[in-house]
Amino acid sequence: MTEDARATTVLLVGAMMVRLALTGAYAKYVRTGMGGVLLVAGALLVALGLVGVARALGLVRRRADAHGDAHAQADAHGHGDERGPGHADGHGHAHGDRAGWLLLGPVLALLLVTPPALGSFGVGRSAAVDVRSGGRTFDPLPAGRTASMTLLEFDERAADHAGASFGATPVRLTGFVTPGNDRAGFRIARYQIACCAADAVAAVVRVTGTTGNTPARDQWVTVTGTFQRSADGVPELRATSLAEITAPRDPYE
Amino acid sequence: MPPVPTPASSPEAPPADDAAASGRRPRGAGLPLVTALIVAAVALRPVLTGLFGHPAVANWATVFVAITIQALPFLVLGVAVSASIAAFVPPGLIARLLPKRPALAVPAAAAAGAALPGCECGSVPVAARLVSIGVTPAAAFAFLLSAPAINPVVLVSTAVAFPGRPAMVLARFLASLAASVVMGLLWIALGRDDLIKPRRSDHTEEGPRLAVFLATAQHDLLQAGGFLVIGAGTAATLQTLVPRSIVDSVAGTGPLSLLVLGVLAVVVALCSEADAFVAAGLKQFSLTARLAFLVVGPMVDVKLFALQAGTFGTRFAWRFSLATFAVAVACAGLVGWWLL
């Protein structure tokens with residue numbers, strides 16, 4: 001990579017990170033707590049890239065040229081027999097950072113199309129949440145008002161003494177519709193992520209008792225209802241109300 | 001996205017400089033090339049958008065972007081440390097601080113790994129820098145392997161993921177440290193330093209320090225970042241093609257389960273700060289098998305392999321990763337049998 005290409009790439013990567021952090025779009029890919037870290041790291045890269053661009057354009061006294069050539073020479077004589085298959089740094093005049101071009105891949109992908117948050121495709125394919133063994137125990141829900149909870153908590157409460165902690169308290173859940181072959185009702189799911197979408201694990205709940213058409217696959221819904229024991233182990237909510245919503249800002253729990 | 005138009009709006013600017021200044025590399029080829037790439041990508045936008053209608057493609061893209069985004073801050077941290085060592089630490093100081101005998105330098109370097117609070121992507125550029133400033137490779141590799149596994153952030157997240165099981169934290173610490181030291185000692189006994197691709201960055205003494213810092217940071221970031229992209233793509237492909245639920249069909253105990261979870265750790269390429277939460281969820285497996293997942297993950301995985309191959313060379317990365325996998329599984333098995 002030439003000096004200006006390197007600087008531009010660093011600048012673009014930094015700008016992408018800053019933009020993801022500021023728009024909140026990063027929540028589709030990593031856990032929400034990482035926004036600040038992304039912003040700081042992105043800002044550092046923007047600064048590094050700007051200095052590099054200024055230097056490449058000749059706006060700043062150029063001291064880096066000597067380095068550039070020192071690199072090139074060391075490269076030329078160092079690489080003779082070390083040419084790994086499939087790697088981009090085999091040529092004497094390269095900086096050994098030709099792989100840096102690849103960083104433009106995610107940048108372009110994010111500039112042009114925003115990959116969606118994980119959807120129903122992976123629900124059956126990820127390792128399922130296993131709440132049966134060594135699960136938590138819960139205090140009973142306070143009676144009277146509707147309790148909002150994550151799908152994971154719903155599943156864990158369902159596994160704890162066959163859902164005794166629910167009582168008759170109504171529960172509100174938010175998730176997206178995912179396919180399942182149920183005789184009645186449909187399933188909703190939501191992923192938990194610990195760090196990024198690569199480690200997502202889905203919690204699944206079956207919703208019964210709704211009238212009308214089942215919402216389309218991957219449609220986000222909020223359902224309110226009461227816990228109901230099911231025969232096959234999939235925790236079940238008997239819904240009293242169902243609303244289709246737009247995807248929440250943080251699609252994961 | 002205010003900075004984005006920069007390359008597009010000023011493609012003519014750089015040729016003002018004479019190409020002779022940089023010898024064979026024509027100055028100014030970079031910005032037009034970047035611009036052309038962006039224009040081509042914009043033209044292809046409808047095609048890309050159409051592809052995302054396919055759930056598998058969308059899933060791949062999401063996981064690919066997620067791994068890259070998640071790793072970049074840690075990469076920035078690692079690159080900053082690496083560039084600081086290159087620019088501000090007197091040459092030879094770190095080598096002098098470590099014990100003279102390699103057999104003692106290895107455990108010292110492995111223990112020093114506890115001081116780098118990051119995940120595995122950040123430790124590769126730092127370890128490469130250590131090699132290039134003259135630290136014995138065995139010690140640098142011990143650091144490379146231990147840093148992502150035994151630093152406080154990772155240990156705390158392990159404790160949070162396994163509440164009420166402090167033995168798991170201790171076991172992870174001991175098994176990871178042991179595996180790092182064993183690999184360092186193995187390198188002294190069997191390793192050949194000619195397997196390591198020489199680096200071209202032994203320019204620590206020239207130029208003003210800030211310029212060295214900036215040039216090194218840029219270089220290390222692009223090199224490691226490029227290979228990170230390869231690794232993230234590989235991991236996303238494997239995750240999309242191979243359902244993770246496949247591990248549910250494997251028996252939960254016995255030596256086979258250690259291997260299965262070890263391989264799973266290699267394939268899914270999780271951040272070492274998050275893998276404990278995934279391990280905690282794999283309840284159908286024994287604690288020892290899950291320990292193998294936690295010990296192998298920060299040391300060997302597909303994205304780390306790409307980073308190592310890019311930094312130290314492919315010939316090195318194959319041998320090193322296979323040996324590390326075997327040592328890590330063995331250490332996890334022994335420590336798990338003892339403690340868990």
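**View 1. B:Trp318 is an exposed residue of a predicted model, with 52% relative accessibility.** Exposed denotes over 50% relative accessible area, buried under 20%, and partly exposed the range in between (1.4 Å probe, protein chains only). The structure is a predicted model in which local features need pLDDT of at least 70 and side-chain atom pairs count only at pLDDT 80 or more, while totals for chains, interfaces and linings use all residues. Residues are numbered from 1 along each chain as its sequence is written, chains are lettered from A and ligands numbered from 1 in the order in which they are written, and side-chain values use heavy atoms, with hydrogens and water left out.

**View 2. A:Phe166 and A:Phe227 form a stacked aromatic pair.** The whole structure holds 16 aromatic pairs over all chains; rings of Phe, Tyr and Trp (its six-membered ring) pair if their centres lie within 6.5 Å, and planes under 30 degrees apart count as stacked, over 60 as edge-to-face and the rest as tilted. Here the centres are 4.6 Å apart, with 15° between the planes. A:Phe166 lies in the loop between helix H5 (151-159) and strand S2 (171-178) of chain A and A:Phe227 in strand S5 (residues 220-228) of chain A, so the pair ties together parts that are 61 residues apart in sequence. Helices (H or I, at least four residues) and strands (E, at least two) are DSSP runs, numbered from the N terminus. Both A:Phe166 and A:Phe227 are buried.

**View 3. B:Phe305 and B:Trp318 form a tilted pair.** Their ring centres are 4.8 Å apart and their planes stand at 55°.
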